[in-house]
Amino acid sequence: MMIIGCDFHPRFQQIAFLDQQTGEFGERRLQHRGEAEAFYRRLLGQPVRIGMEATGNYRWFRRLAEEQGHELVLGDASKIRACCVRKQKTDKRDARHILDLLLENRFPAVWQPDAANEDLRVLLLHRVKQVRLRTRLKNQLDGLAKSEGYLSPRVWSAGRRAELEALALRGWLDRRRRDLLQLHEELDERIAPLDEALREAANQDTAAQLLMTHPGVGPVVSLAFVLTIGDVSRFARGKQVGSYLGLIPSEESSGQHRRLGSVSKQGNSLVRWLLVQAAAVAQRYDPSWHRQYVRLSMNKHHGVAKVAIAHKLAVRLYWMLRTGQNYEQLAVRGSHVGQSV
């Protein structure tokens with residue numbers, strides 16, 4: 001088998017390889033995509049295992065490896081670095097270090113989603129980006145109305161739009177309003193089919209349907225959680241899910257001194273943001289969650305309260321997936337079930 005340690009960069013990759021049959025060792029710097037594609041295509045027909053740090057911009061490389069039948073293993077970048085005690089860091093050293101970890105069976109591999117999972121993740125991300133653009137447009141329209149002394153507590157609706165259109169504006173203010181409203185209409189048309197596709201995907205997924213029984217959790221949140229968590233058996237306890245999603249506080253404690261900071265924010269930022277949004281709704285349906293939300297909002301900040309409830313929500317959703325119970329069945333056992341498991 002050919003074992004390859006790959007230090008992957010957007011424009012090139014530095015590799016260190018060892019052919020276990022012949023004992024041949026070598027190092028190369030491959031430019032993307034020409035040299036890299038030619039090198040790996042020449043290895044077609046022989047077993048190849050490639051190790052690299054988990055990173056972005058590698059989708060084409062993963063697809064190439066799958067087409068050639070090569071095994072691509074992603075590793076935890078922080079753990080890979082922690083295994084190297086030397087202060088000197090170069091691309092060649094990194095590639096050799098990854099190769100050594102593979103040969104010694106110490107490579108800290110991480111879970112990889114399949115192609116279908118990746119495709120749905122792209123759909124989720126695209127939809128969220130479009131919605132955020134639309135929200136920015138709404139905020140600009142509201143700001144335009146407020147600058148004219150017009151305040152309204154209404155959320156965005158057809159009536160709200162009619163009120164904005166009725167404002168007496170002149171010159172470039174009128175042009176800006178018309179352009180913003182037109183862009184808003186275009187985004188509505190683009191987002192509608194994305195919402196429909198997400199609802200269809202969520203309705204076809206048994207795990208997502210189960211999570212949607214929880215108040216505040218709709219197709220977007222449920223599908224994002226299922227796609228990110230993947231195989232729920234990867235996590236032995238609910239606390240590991242909170243850590244995986246970056247919803248636990250960072251900590252620097254020593255001896256008798258314990259110092260907790262803000263949440264670590266390690267993990268999928270999109271799912272973390274969605275859980276925070278869903279937590280604001282979910283806390284209304286659980287008395288204990290609502291009491292904690294109000295207490296933290298008064299004593300600290302409403303942002304801290306939302307994150308705390310989002311952590312509880314993530315653990316509860318994990319517990320629902322692990323036990324196969326819906327929200328009603330879980331509520332019978334008590335809202336505390338699974339929060340510290």
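1. Lys265 is found in the loop between strand E7 (260-263) and H11; helices (H or I, at least four residues) and strands (E, at least two) are DSSP runs, numbered from the N terminus. The phi of Lys265 is near 55°, a positive value in a residue other than glycine. With a relative accessible area of 58%, Lys265 is exposed. Exposed means over 50% relative accessible area, buried under 20%, and partly exposed in between (1.4 Å probe, protein chains only).

2. On the basis of the values: this is a predicted model, in which local features need pLDDT of at least 70 and side-chain atom pairs count only at pLDDT 80 or more, while totals for chains, interfaces and linings use all residues. Residues are numbered from 1 along each chain as its sequence is written, and side-chain values use heavy atoms, with hydrogens and water left out.

3. Asn57 has a positive phi of about 60° although it is not a glycine. Asn57 sits in the loop between strand E4 (48-53) and helix H2 (59-68) and, at 62% relative accessibility, counts as exposed. The peptide bond from His32 to Arg33 is cis, with omega near -5°; Arg33 lies in the loop between strand E3 (25-31) and helix H1 (34-41). Most residues other than glycine have a negative phi, and most peptide bonds are trans.

4. Overall dimensions and composition. The chain has 14 helices and seven strands, and its C-alpha trace spans about 80 × 55 × 45 Å along the principal axes. Of the 341 residues in the chain, 40% are buried. Among contacts (heavy atoms within 4.5 Å) with a separation of 6 or more, 54% are between residues 24 or more positions apart.

5. The largest nonpolar core has 46 residues. A nonpolar core is a set of buried Ala, Val, Leu, Ile, Met, Phe, Trp, Tyr and Cys residues joined through side-chain atoms within 4.5 Å. Those with the most contacts inside this core are Leu211, Phe225, Val241, Leu245, Leu275, Leu313 and Leu317. H5, H7, H8, H9, H11, H12, H13 and helix H14 (327-333) each give two or more residues to the core, and the largest share, 10 residues, comes from H13. Leaving aside neighbours within four places in sequence, Val241 is in contact with Phe225, Ile229, Phe235, Ala314 and Tyr318. Apart from this core lies another, of 21 residues, among them Ile4, Leu30, Leu43 and Trp60.

6. Helix H9 (residues 219-229) is mostly covered, with 10 of its 11 residues buried. The buried residues of H9 include Val220, Leu223, Phe225 and Ile229. Their cover includes helix H5 (115-147), H7, helix H8 (206-211), helix H10 (238-244), helix H11 (269-282) and helix H13 (302-323). Just after H9, Gly230 takes a positive phi of about 65°.

7. The axes of helix H12 (residues 287-299) and H13 come within 7 Å and cross at roughly 155°. Axes are lines fitted to C-alpha atoms, for helices over the stretch in contact, and angles run from 0 to 180 degrees between N-to-C directions. H12 is therefore roughly antiparallel to H13 (angles over 145 degrees count as roughly antiparallel, under 35 as roughly parallel, 65 to 115 as roughly perpendicular and the rest as oblique). H12 passes H13 in a right-handed crossing; a crossing is right-handed if the near helix is turned clockwise from the far one by less than a right angle, and left-handed if anticlockwise. The contact involves residues including Trp289, Tyr293 and Leu296 of H12 and Ile309, Leu313 and Arg316 of H13. By class, this contact has eight nonpolar, three polar and three charged residues. Ala, Val, Leu, Ile, Met, Phe, Trp, Tyr, Cys and Pro count as nonpolar, Asp, Glu, Lys and Arg as charged, and the others, Gly among them, as polar.

8. Helix H6 (residues 158-165) and helix H7 (residues 171-204) pack at an angle of about 160°, with their axes 11 Å apart. H6 and H7 are therefore roughly antiparallel to each other, and H6 passes H7 in a left-handed crossing. Arg161, Leu164 and Glu165 in H6 meet Arg177, Leu181 and Glu185 in H7. The residues of this contact divide into two nonpolar, no polar and four charged.

9. His184 is also in helix H7. At 3% relative accessibility, His184 counts as buried. Not counting residues up to four places away in sequence, His184 touches Arg134, Leu137, Lys138 and Trp156.
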